Amino acid sequence: MEDFIQGKKDEMLQLIERLVNIDSGSYVKEGIDEVGSILKEKYEELGFVVDVKEENENGNNLVIQHRDAKDPKIILVAHMDTVFPKGTVAERPFRIEGNRAYGPGVVDMKSSLVELLYAIKALEQNGSEAIKNVQIILNGDEEIGSVTSRPLIEQLSQGKEYALVMEPARKDGSLVSARRGGGRYTLIVKGKAAHSGIEPEKGRSAIEELAFKIIQLHSLTDHEKGISVNVGLIEGGSSVNTVSASAVAHVDIRISEMEQAEYLKEKIHEICSKTEVDGTKIFLEGDISRPPMEYNEQTESLLQIIQDVGKEIGISVRDTATGGGGDASFTSASGVATIDGLGPVGGNAHSEREYLEIDTLPERTLLLAKTIERLTD
Ligand SMILES: [Zn+2]
């Protein structure tokens, strides 16, 4: 299998180049769908059936499995959208410099899409039955919160034993074994305007009220428990000599265990249900809706299997936790043993400096193929 994959390295890079050079930002539906049709054709050549779930505004989602698949136990998830708007490819198309490839979405995650396809090709070429044990979801809206694909991922997670999620490996090659969950709130405080020189006693300061709320909300942060409550943006007031009539705060919440969500929701509502500055009012919007990908016993045993496979092929595979959310949170919250970060190694995702470490492409493809095989035995 190793020789087969090594021999395909240039072909893989060519396909990555082709996919990177299609603008497929989350709001560029035609680009995402073009990436989808290229991959659909490739999977069909391998005897796979591709079910295109048409979407009106977002990119289509694809569900792919072998035509003879029976009750596959492994779900693989990869996304086709990027964070880059239309026109990015014209500005900075795919290019290679030394051992690194650059371009919009090169590592997050056009290379992962190619890695996954070639892992399947390698298994097929090897006559492995494992190709009948996988169900693949290629979704088109991960970068905007998987609005349409989340229910699909949750539904198809039912009855699966393992989820392998194709986000890129970390810069140091680590897989991802935990992700924090979270949500967003917006706090709107209404007060009463008054001239601060002439009749300040008639005013009710929304900014003053918001200041209390910011401190109370931040006090919910508990780094040891992995809870973070951050008021990251505030707006308010109309002029320096006016008691402010309104103020707004945008709050980002991160949690590391699902049960922290209920506790925090309650606390946030409690804090916002009363005011310190008489005569002000608070309106609260938002929710904690993204579950964390929790590190638990089944994560540990899946990780162990992947590490054993890594040892056999000479890659030491470490793991790490990350604060960012992703589709792995949905498979994990559905009760399926999940490991993320199975894509090739790279860095600076979501920026102009995004890169892929080209040498890691064949080795990660081999790691993925052998892992799928091992999980099937
Ligand atoms: Zn991604």
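How many salt bridges does the structure hold? The answer is 21, and we will visit one of them on this tour. Keep in mind as you click around that this is a predicted model.

**Stop 1: a salt bridge across the chain**

Select E357 and R100 and show their side chains. They meet in a salt bridge, at 3.1 Å from N to O. Now colour by residue number: the two partners come from distant parts of the chain, 257 residues apart. E357 belongs to strand β18 (residues 355–357), while R100 sits in strand β5 (residues 100–102).

**Stop 2: two packed helices**

Next, select residues 9–20, which form helix α2, together with residues 106–125, which form helix α5. A pair of packed helices is described by the angle between the axes and the distance separating them. Here the angle is about 135 degrees and the axes are 9 Å apart. Angles over 145 degrees would count as roughly antiparallel and 65 to 115 as roughly perpendicular, so α2 and α5 are oblique to each other. Their crossing is right-handed.

From α2 come E11, M12, L15, I16, L19 and V20. On the α5 side they meet V106, K110, S111, L113, V114, E115, L117 and Y118. Sorted by class, this contact has ten nonpolar residues, three charged and one polar.

**Stop 3**

Is the peptide bond leading from D108 to M109 cis or trans? It is cis, with omega near -10 degrees. For background, most peptide bonds are trans.

**Stop 4**

Move on to the open sheet with the strand order β11-β13-β9-β14, paired antiparallel. At its edges are β11 (228–236) and β14 (281–290), each pairing on one side only. On average, neighbouring strands are turned by 15 degrees against each other, ignoring direction.

For a look at the pairing itself, select β9 (residues 181–190) and β13 (residues 246–255), two antiparallel strands joined by ten bridges.

**Stop 5: a loop residue**

Finish at D71, in the loop between β2 (61–66) and β3 (74–79). Its phi is near 50 degrees, a positive value in a residue that is not glycine. In general, most residues other than glycine have a negative phi.

Methods: Residues are numbered from 1 along each chain as its sequence is written. This is a predicted model: local features need pLDDT of at least 70, side-chain atom pairs count only at pLDDT 80 or more; totals for chains, interfaces and linings use all residues. Side-chain values use heavy atoms; hydrogens and water are left out. Axes are lines fitted to C-alpha atoms, for helices over the stretch in contact, and angles run from 0 to 180 degrees between N-to-C directions. Helices (H or I, at least four residues) and strands (E, at least two) are DSSP runs, numbered from the N terminus. Angles under 35 degrees count as roughly parallel, over 145 as roughly antiparallel, 65 to 115 as roughly perpendicular and the rest as oblique. A crossing is left-handed if the near helix is turned anticlockwise from the far one by less than a right angle, and right-handed if clockwise. Contact means heavy atoms within 4.5 Å. Ala, Val, Leu, Ile, Met, Phe, Trp, Tyr, Cys and Pro count as nonpolar, Asp, Glu, Lys and Arg as charged, and the others, Gly among them, as polar. Two strands pair if DSSP finds at least two bridges between them. A salt bridge is a side-chain nitrogen of Lys or Arg within 4 Å of a carboxyl oxygen of Asp or Glu.
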